[in-house]
Amino acid sequence: MQIPLFPLPICLLPGGMTQLRIFEPRYQRLVAESMRSGSGFGMCMLSDDQKDILPIGTLARIEDFETLDDGLLGIKVRGKHRFVINSMETESDGLRQGKVTLLPDWPSAQLERHDALIGDTLRTLLEQHPQHLDQYGEEDFADSSWLCQRWLEIIPVSAMDKQACIRSPDHTKALDFLRTLFNE
């Protein structure tokens, strides 16, 4: 599958949502083509020095758009599927196109009682941002896999640490990482 790539210093994973401000012409084209085709685009994390695109990204779909107060385009996107970049080329306007292979989603897993702090703390954080909390259902907070993905999106750790968790076939590496952080 070939998709346009949007490299950013943020992490978006399946089930997550974020809002982006679009101002560069190459990314305006990416949005227009994604809206027209309905196929979405790839959100890719940048390395910690922001020089390289990391190999695991997330196929994102535009859910809404608006003209912002400053006249720029604002889009709301939701992560759909993880992918690995097989090859990449840069077009004349700087937009990157990637040949990607979709990766299986992490299976859902019931949150263990001894990990309740991981879900409770995320809920408390999101209550401070109700526009984000409203995007998620009550059942999401009982799913370890979903919780790990949301934490990886927001936790301030290196891009390489996040990629190590994201490339795993399930959430267990991320959960072990979070348990370590929460027990310190």
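**Cavity and aromatic pairs in a predicted model**

Mentor: This predicted model holds one cavity of 30 Å³ or more. About 50 Å³ of space lies in this largest cavity.

Trainee: What makes the space a cavity?

Mentor: A 1.4 Å probe fits there but cannot get out, so the space is called a cavity. Its lining includes Ile 10, Met 43, Thr 58 and Gln 163. Strand E3 (41-46), strand E4 (53-67) and helix H5 (159-166) each supply at least two lining residues, and E4 gives the most, with three.

Trainee: How many residues of each class are in the lining of the largest cavity?

Mentor: The lining has eight nonpolar, three polar and no charged residues.

Trainee: Why is the pair of Phe 6 and Phe 41 called tilted?

Mentor: The model has four aromatic pairs. For Phe 6 and Phe 41, the ring centres are 6.1 Å apart, and the limit for a pair is 6.5 Å. Phe 6 lies in strand E1 and Phe 41 in strand E3, so the pair ties together parts 35 residues apart in sequence.

Trainee: Why is the pair of Tyr 136 and Trp 146 called edge-to-face?

Mentor: Their ring centres are 4.9 Å apart and their planes stand at 75°. Edge-to-face requires an angle over 60 degrees, so the pair is edge-to-face. Both Tyr 136 and Trp 146 are buried.

Trainee: How do you know that the charge of Arg 123 sits over the ring of Phe 141?

Mentor: The charged end of Arg 123 is 4.1 Å from the centre of that ring, and the distance limit is 6 Å.

Notes. Residues are numbered from 1 along each chain as its sequence is written. This is a predicted model: local features need pLDDT of at least 70, side-chain atom pairs count only at pLDDT 80 or more; totals for chains, interfaces and linings use all residues. Side-chain values use heavy atoms; hydrogens and water are left out. On a 1 Å grid over the protein atoms alone, a cavity is a set of points where a 1.4 Å probe fits but cannot get out, and a pocket is an open set with protein on both sides within 12 Å along at least five of seven lines; lining residues have an atom within 4 Å of a point. Grid points are joined across faces, edges and corners, and a volume is the space filled by probe spheres set on the points. Helices (H or I, at least four residues) and strands (E, at least two) are DSSP runs, numbered from the N terminus. Ala, Val, Leu, Ile, Met, Phe, Trp, Tyr, Cys and Pro count as nonpolar, Asp, Glu, Lys and Arg as charged, and the others, Gly among them, as polar. Rings of Phe, Tyr and Trp (its six-membered ring) pair if their centres lie within 6.5 Å; planes under 30 degrees apart count as stacked, over 60 as edge-to-face and the rest as tilted. Buried means under 20% relative accessible area, exposed over 50%, partly exposed in between (1.4 Å probe, protein chains only). A charge sits over a ring if NZ of Lys or CZ of Arg is within 6 Å of the ring centre and within 35 degrees of the ring normal.
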